[in-house]
Amino acid sequence: MEFFNQLILAVSVASFITFQVLFHYLSSWVSTRVSPGFKKLSEKQKIEWNSRTVSTFHALVVGIFCLYILHFDDAVNEDPVWGDPALVKLNVAITTGYLISDLLLIFYHWKAIGDKFFVVHHLAALYAYYYVLGQGLLPYFANFRLLAEFSTPCVNQRWFFEVLGYPKSSKPNIANGVMMAVIFFLVRIAVMPIYYERMFSIYGTEAFYRLPFGGRSAWMCSSICLDVMNVMWMHRIARGCYRVLRYRKKTEEDAQQNGKID
């Protein structure tokens, strides 16, 4: 067990270092070769670009790992409170390293990427993950939360298109916008009933009362806090998607009308 705890610590540290290297070196190196428009960005835009590149990479890694655990880790799925958290701990360790790395970058580059909602989000997640990594509590729920990361690549891609000058009514932008709204809804909003139904099924059981008070508080408070922000973000995304689709439709109708007049 002591060796495994050291492994988890090593994974967290390695994750932190990896994401720092990605931000400071690899993102810019790859971006200049993949997207010529990167060189034309301002220093502030490059900082956010690199931050979002790292965010996308993290989301894909932990999201895929999360799906694997949900489908194949029987111990966690059968006992969501006290099931063997080994694989979940590894996934959460990767995310912990990323969150700490991102928090430091946010504070250091506050004028470029500072956002109080992201600070609250990261701190709430770290508070909950402390109990997962330290005591192995609630592995199913910790892993389930990581499903939300699948919406991150589309959210970041929307910003990439915007900063590169793609019109909001362009087909790539609209396709990504619709995909973003759909995926965000599926992995952050539609799954809420499943998550809370499982939570309520645990409430009042022996497994629940074996949880320390701090663990229960972290579980419930962080869940509510994160989902309030998810609903707020979903509202913004839905409004933005609706405005773009309506603008696109109006543009097409105007073009058809002008074609008839000509």
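**Exercise 1.** Characterise the largest pocket of this predicted model by residue class, volume and contributing helices.

*Solution.* Step 1: sort the lining by class, which gives 19 nonpolar, 13 polar and 11 charged residues. Step 2: take the volume, about 1,200 Å³. Step 3: locate the centre; of the 43 lining residues, Arg 52, Phe 118, Val 155, Asn 156 and Arg 158 are the closest to it. Step 4: assign elements; those giving two or more residues to this lining are α2 (43-72), α4 (86-108), α5 (110-113), α6 (116-135), α8 (152-163), α9 (171-189) and α12 (213-261).

**Exercise 2.** Find which element gives the largest share of the lining of the second largest pocket, and state the classes of that lining.

*Solution.* Step 1: the space in the second largest pocket is about 250 Å³. Step 2: list its lining, which includes Leu 22, Val 30, Trp 49, Phe 57 and Phe 160. Step 3: two or more residues come from each of α1 (2-34) and α2, and the largest share, six residues, belongs to α1. Step 4: by class, eight lining residues are nonpolar, four are polar and none is charged.

**Exercise 3.** Describe the largest cavity and its lining.

*Solution.* Step 1: count the cavities of 30 Å³ or more; there are two. Step 2: the largest cavity has a volume of about 420 Å³. Step 3: of its 32 lining residues, Tyr 129, Phe 141, Ala 142, Arg 145 and Leu 226 are the closest to the centre. Step 4: α12 supplies the largest share of this lining, eight residues. Step 5: the classes are 22 nonpolar, six polar and four charged.

Technical notes
Residues are numbered from 1 along each chain as its sequence is written. This is a predicted model: local features need pLDDT of at least 70, side-chain atom pairs count only at pLDDT 80 or more; totals for chains, interfaces and linings use all residues. Side-chain values use heavy atoms; hydrogens and water are left out. On a 1 Å grid over the protein atoms alone, a cavity is a set of points where a 1.4 Å probe fits but cannot get out, and a pocket is an open set with protein on both sides within 12 Å along at least five of seven lines; lining residues have an atom within 4 Å of a point. Grid points are joined across faces, edges and corners, and a volume is the space filled by probe spheres set on the points. Helices (H or I, at least four residues) and strands (E, at least two) are DSSP runs, numbered from the N terminus. Ala, Val, Leu, Ile, Met, Phe, Trp, Tyr, Cys and Pro count as nonpolar, Asp, Glu, Lys and Arg as charged, and the others, Gly among them, as polar.
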